[in-house]
Every structure is written in structure tokens, then in C-alpha cells.
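Colleague: I would like to learn how to read a fold from the coordinates, one feature at a time.

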Amino acid sequence: MSRGAASERDGSRADDVRPDAESPDPAPPALAIEGVSKRFGSGEGAVLAVDDVSLTVERGSIVGLLGPNGAGKTTLIKCALGIVLPDSGSVRVFGADVADGRRAAYANVDAMLEGARNDYWRLTVRENLRYFATIAGVDPDSVRARHDRLLDRLELTEKADTPVRELSRGMKQKVSLASVLAGGAELVFLDEPTLGLDVESSRTLRRELRRLAREEGLTIVLSSHDMDVVEDVCDRVVMMAGGRIVADDTVAALRSGTERDVVRVVSADIDDAVVATLRERFDVRAVETDFGAVERDGDRRDGHRSTAVEVAAAGDALYDLTDALRQAGVTVERIETVRPELEDVFVDLTGLKPGGSEADEVGSDGADSRGRSS
Amino acid sequence: MSADGSASPDAATPPISTDSDPADEPRSATYYHLARAVLYREYLIFVRYPANAIGGIVVALFFFGVLFYGGRLLAGQALTDSLSGIVVGYFLWTLSVGAYSSVSSDIGSEVQWGTLERHITTPFGFAPVALLKGVAKVVRTFLTSAVVLAVMLLLTGTRLSLDPLTVIPVAGLAVTSVLGLGFAAGGVTVLYKRIGNWLNLLQFGFVGLVSAPVLDAPWTRFLPLAHGSAMLQRAMVDGVRLWEFGLGDLALLAGVAVAYLLGGYVVFHYATRRARRLGVLGDY
């Protein structure tokens with residue numbers, strides 16, 4: 001469905017009519033945000049929703065935007081879309097400066113914003129696709145077959161001629177995504193795309209997002225509280241807090257950057273005395289003694305009591321730890337490195353849970369304070 | 001048509017490249033396609049959900065019934081003498097209310113649904129879509145008001161000149177000025193969400209505009225509806241044909257329509273821009 005990516009495959013990019021046709025850069029990034037700031041309100045009650053944020057999103061990548069409520073994610077997305085006008089900074093879409101011609105720059109951009117219907121519920125699924133393809137600048141008759149394929153991939157074919165209002169919430173969510181993709185946008189912003197979806201629908205949507213990026217070069221900026229979705233789908237994660245970007249890297253790099261050098265030792269011989277000894281010499285992070293309490297690996301051994309301790313021990317300290325365990329008469333059943341989850345990284349960087357609220361925020365993120373995610 | 005004077009959609013939108021089927025080559029949409037899409041959507045909603053239209057007709061006839069029978073009880077012959085004028089005025093009022101409220105409330109709904117935001121970032125923008133929707137609303141209102149007019153004529157036994165070549169242009173241009181007010185009200189609603197319901201009260205002010213004393217106070221001709229209402233009275237009651245009106249009258253009718261429509265659009269445009277500045281566009 002992507003225009004640019006497929007054109008590149010054909011060896012004939014559609015630059016004859018593209019906003020960046022005259023750009024000296026042969027392939028400018030899909031999105032380049034430079035020094036964007038947005039303050040809502042004035043005086044003491046003013047809130048700096050986005051604070052001097054710069055961000056570049058390469059074509060064909062999937063970037064996850066993470067942050068607690070009020071972190072400025074939605075405001076940043078809306079600034080990038082031109083729905084909110086930033087106080088300062090610039091936004092370039094496929095090389096075209098939005099300030100020079102918003103409509104032209106956004107010819108290949110669409111968005112699915114959380115908390116909004118995004119489409120017309122009194123129209124059928126297919127009618128929505130045709131309508132939104134048209135306003136995106138594409139004759140719907142010319143993409144009929146593509147719409148069929150899109151409906152098929154999102155498992156909406158059977159409901160194609162059903163009014164959206166009669167569909168379940170999960171189906172409506174998929175229709176929203178379908179309508180966003182109906183016009184062949186190359187850059188799409190998805191705000192909480194899996195919210196309200198059941199496990200199977202979420203899986204279908206993730207699969208389709210990966211396929212669109214991989215096969216058709218679609219660039220996706222995805223905001224979500226669901227760490228699994230972000231980990232599963234995104235090439236790169238941008239974490240926001242207090243209106244600023246606090247981390248921007250791949251999932252793997254973020255995890256390694258937050259390496260806490262923690263190992264977990266599991267043994268039936270670990271009792272309170274052993275734990276006390278370990279606490280005297282090491283930084284013990286967690287002790288789990290119940291059956292099945294070691295949840296990270298779902299490690300449940302019914303009928304076999306084992307205790308797991310998580311200890312910060314890297315380098316020589318690891319040898320000291322094993323010595324200490326041997327001296328205490330502990331037979332180690334298993335020892336392993338604790339791999340930080342993306343959520344751990346997030347909490348380390350922001351001090352907040354992904355769904356937590358950082359601050360009351362007004363303006364477009366005002367929705368956050370009413371319980372909607374940003 | 002672009003609100004910020006940017007390039008036309010034809011120039012802005014590249015053809016989507018093929019990803020599998022060569023026969024599946026996307027073509028750029030033009031304003032023709034946009035008009036077709038918007039008008040077809042309005043048509044679908046009209047035929048698929050007729051309850052709104054039927055409800056509007058019933059309410060309009062109910063109020064006319066109260067006016068007619070109540071007026072006969074109170075005013076007797078005086079009402080009968082001016083019945084033709086009342087029927088024409090009521091017809092124009094239902095047209096105006098239908099166009100105004102549908103446009104202003106429609107904009108409010110688009111904001112609430114998040115669909116206005118999506119239009120903002122398209123090559124066409126929301127302005128031509130809103131104008132086309134306005135046209136569709138006027139056409140729809142003509143259909144429902146025609147039913148109301150027919151029932152009123154049957155109910156009262158009044159005879160009026162119903163030359164469509166005269167009635168439709170005159171009433172259409174008269175209502176166009178109200179369409180402008182609808183856009184302005186929609187724009188204000190985008191900015192100040194809760195004010196929308198209060199702005200609906202404006203439609204009762206249309207009674208004053210429809211019955212404005214254009215002969216005694218000529219300046220009222222520059223208000224929306226007033227001049228068009230006077231011309232419609234002459235057309236439907238006195239049987240004056242479109243080409244029998246003076247050029248000045250026709251020019252003023254068209255001028256007032258265009259001026260208020262443009263004025264309404266400018267208010268809508270700046271209200272939307274301010275909403276984007278304040279970050280309240282779509283924040284319902």
C-alpha cells in the first residue's frame with residue numbers, strides 16, 4: 001500500500017509530484033522534528049507539554065513512543081501532524097517543511113488517534129475505506145483491489161458491508177486502522193492501536209504492522225502503554241517524560257543500557273539464614289520463596305520448594321557470590337542473568353509505570369487527566 | 001480551496017505505486033472525486049437513517065399547526081389575510097433552520113468523532129469538505145421543507161406560485177447566507193465546545209430576519225435572509241419570476257449570500273487555527 005517504498009522497488013520513485021521532489025537529499029527521513037516545544041496556558045498555570053524535542057524517524061521503521069500519561073506523547077504526535085501548532089521548532093515530513101505547505105507535506109500522512117472514532121460509524125467498513133482514500137487524495141475506484149486485500153489481512157472481509165456502529169470495539173479499532181491505510185499513507189501515527197483489542201486481534205494487528213513496514217516500507221510511529229506491543233513491533237523506542245525525550249534507542253540497546261548485573265540463584269537450600277548472610281555482603285534485590293512465585297519465567301515446580309534470590313553481582317562479585325553460596329552449603333539448582341524487561345528500563349528512566357500519570361496536562365493531552373492514554 | 005493556500009491535491013498527492021497488481025494503479029483524486037465522496041456519504045446517511053429527516057418534518061408541521069390553528073383562534077380573519085406570507089416565511093424559516101443547525105452541529109460532531117482532525121491533514125483540508133457538506137445539507141433541507149410546504153398548502157388551502165426556476169435560486173441564495181452563519185457557529189463550537197448548544201438558539205432569531213421590514217428599514221436588506229425573504233415573498237405570493245426582478249435585487253441577493261458565506265468560512269478558518277494553537281482541536 002505504500003507509495004514510496006513500492007516505487008523505490010520499481011526503480012521509479014514518485015518524486016515528480018512529491019513535496020520533496022526538489023530536495024537535494026535523495027531520501028530524507030520520513031519525519032524530522034527539530035527543537036519542537038509546546039506550552040499550554042499562561043502564567044503560573046502554564047504547562048510545558050513538549051520541551052525542545054528533536055526526533056528523526058527513518059523511512060520504513062517502526063518507532064515506539066513510550067511515556068506515562070502527561071509525558072507529552074500525544075502533544076508531540078499532534079504537533080507532528082499539525083493538529084497542534086508548536087510554539088517553536090520545525091517539522092519536516094519526507095523532507096517537506098510543514099510550515100511551507102502543510103497540505104502538501106501531509107499528503108502521505110495519516111493518523112489513528114486514541115480516544116476518537118476516527119471514522120464514520122454510520123457508514124459500512126468499505127464505505128469508510130473509500131471515503132478516507134478519497135480525502136487522502138486517491139480515487140477509490142483505482143484502489144478497490146487493494147482495499148479488498150487490506151480487509152482480508154485485517155480479517156474484516158466478512159464485515160466489509162456492515163455499518164461500523166454494529167461492530168465490536170476490537171473490530172472498530174481494526175476499521176480505524178484500515179481507514180488510515182486506505183489512502184496509501186507512507187507515514188502513519190498510531191496512538192494506542194491495540195487498546196481494546198482481544199489477544200487474537202492484537203496479534204493480527206501486530207503482524208500486519210510488521211508486514212506493512214517490512215514489505216511495503218510503511219513508516220509507523222506508534223504510541224502505546226502495552227510494552228509487549230512495543231517490544232514485539234518496534235525497531236526503536238523513544239521514551240518521553242516531562243515533555244522531553246529521556247531515551248531513544250533500540251529495544252535491545254535500551255535493555256543492555258539498563259543492565260543491572262543482576263543474577264538470580266534458585267535453590268532448595270536457600271533459607272532465611274542464607275538470605276541474611278547474602279544481605280550482609282551483597283545487594284540482594286529480591287527473594288521469592290513461594291511455589292511458583294518466580295514469575296519471570298513462569299517457573300512453577302509444584303511439590304518442590306525452592307527459593308530464588310536476585311543479587312546484584314557482576315564481575316568479581318559473581319565469584320564472591322558463588323563462594324558465599326558454597327560456604328553456606330547451598331547447592332545451586334540454577335543461576336541465570338536477570339534480563340531487564342522494557343518496563344524495567346522505562347521505570348528506571350522515568351520512575352513511573354507506563355500507565356501511570358506524570359502530571360496533569362492541559363490542551364490536547366488534557367484527555368490524559370480524564371483517564372485516556374496519551 | 002485550500003485553507004492555507006497550499007498546493008492543490010492533484011499536485012500534492014503522488015500516485016500510489018503498485019505493490020502487486022499492475023492493473024491496480026492508484027489514481028489521484030480530484031475535487032470531482034471529493035464532491036462525489038462527500039455528497040454520496042450525505043446521501044447514504046439520509047436514506048439509511050431517515051428518522052432525523054422525518055422527525056424534523058413532524059416537528060416543523062407541529063409548530064406550524066400550533067401557529068395556524070392558534071393564530072386563527074386569536075386573530076381570525078387577520079391571519080387568513082396574511083396566510084400566504086406566513087406560509088412562505090415559515091417555509092424559508094424551516095429551510096434556514098435546517099441548513100444552519102445541520103452545518104453547525106455537523107462540525108461539532110466531526111470534532112467529537114476525531115474525523116475533523118483527519119481532514120485537517122489531508123491534501124484537501126476540511127474547508128471544501130465542509131462546503132460540500134453544506135450544499136448537501138441545503139439540498140436535503142429543500143427536500144424536507146418541500147414536504148412541509150406541501151402539507152402547509154393542503155392544510156391552509158393557500159395557493160402560491162411554485163415556479164422552481166425562481167423559488168430554488170432565490171431561496172437557495174437566501175439560505176446560503178445562513179450557511180455562512182452555520183460555519184461561523186461551527187467554528188466557535190470548535191473553539192468553545194460548550195457554546196454550541198447556545199448558538200442553536202440563534203435559529204429563533206431567523207424569525208426576525210425572515211420578517212425584517214426591508215421596505216421601512218432598507219439597511220436590513222444587508223442582513224442574512226432579509227432581502228432573500230422579501231424576494232421570495234414577491235416570487236411565491238405575487239408570482240414574480242426570477243428574470244422579472246431588478247438586476248440590483250438579484251445582485252444584492254447574491255452579494256449577501258457570498259459575503260456571509262465567506263465571512264462564516266473566515267471565522268471557521270481562524271477559529272480552527274486558534275484551536276490548533278491552543279491544542280483544543282478535537283479535545284471534546
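Colleague: Among contacts in chain B between residues at least 6 apart in sequence, what percentage join residues at least 24 apart?

Modeller: A contact means heavy atoms within 4.5 Å, and in chain B 78% of those contacts join residues at least 24 apart. Please keep in mind that this is a predicted model, in which local features need pLDDT of at least 70, side-chain atom pairs count only at pLDDT 80 or more, and totals for chains, interfaces and linings use all residues. Residues are numbered from 1 along each chain as its sequence is written, chains are lettered from A and ligands numbered from 1 in the order in which they are written, and side-chain values use heavy atoms, with hydrogens and water left out.

Colleague: How many helices and strands does chain B have?

Modeller: Helices (H or I, at least four residues) and strands (E, at least two) are DSSP runs, numbered from the N terminus; chain B has twelve helices and zero strands.

Colleague: Why is α8(B) described as largely enclosed?

Modeller: Buried means under 20% relative accessible area, with a 1.4 Å probe and protein chains only. Because 21 of its 28 residues are buried, α8(B) is largely enclosed by the rest of the structure.

Colleague: At what angle do α5 and α10 of chain B pack?

Modeller: Two packed helices are described by the angle between their axes and the distance between the axes. Axes are lines fitted to C-alpha atoms over the stretch in contact, and angles run from 0 to 180 degrees between N-to-C directions; for α5 (residues 83-113) and α10 (residues 202-210) of chain B the angle is about 145 degrees, with the axes 10 Å apart. Among the residues that meet there are Trp93(B) in α5(B) and Phe206(B) in α10(B).

Notes. Buried means under 20% relative accessible area, exposed over 50%, partly exposed in between (1.4 Å probe, protein chains only).
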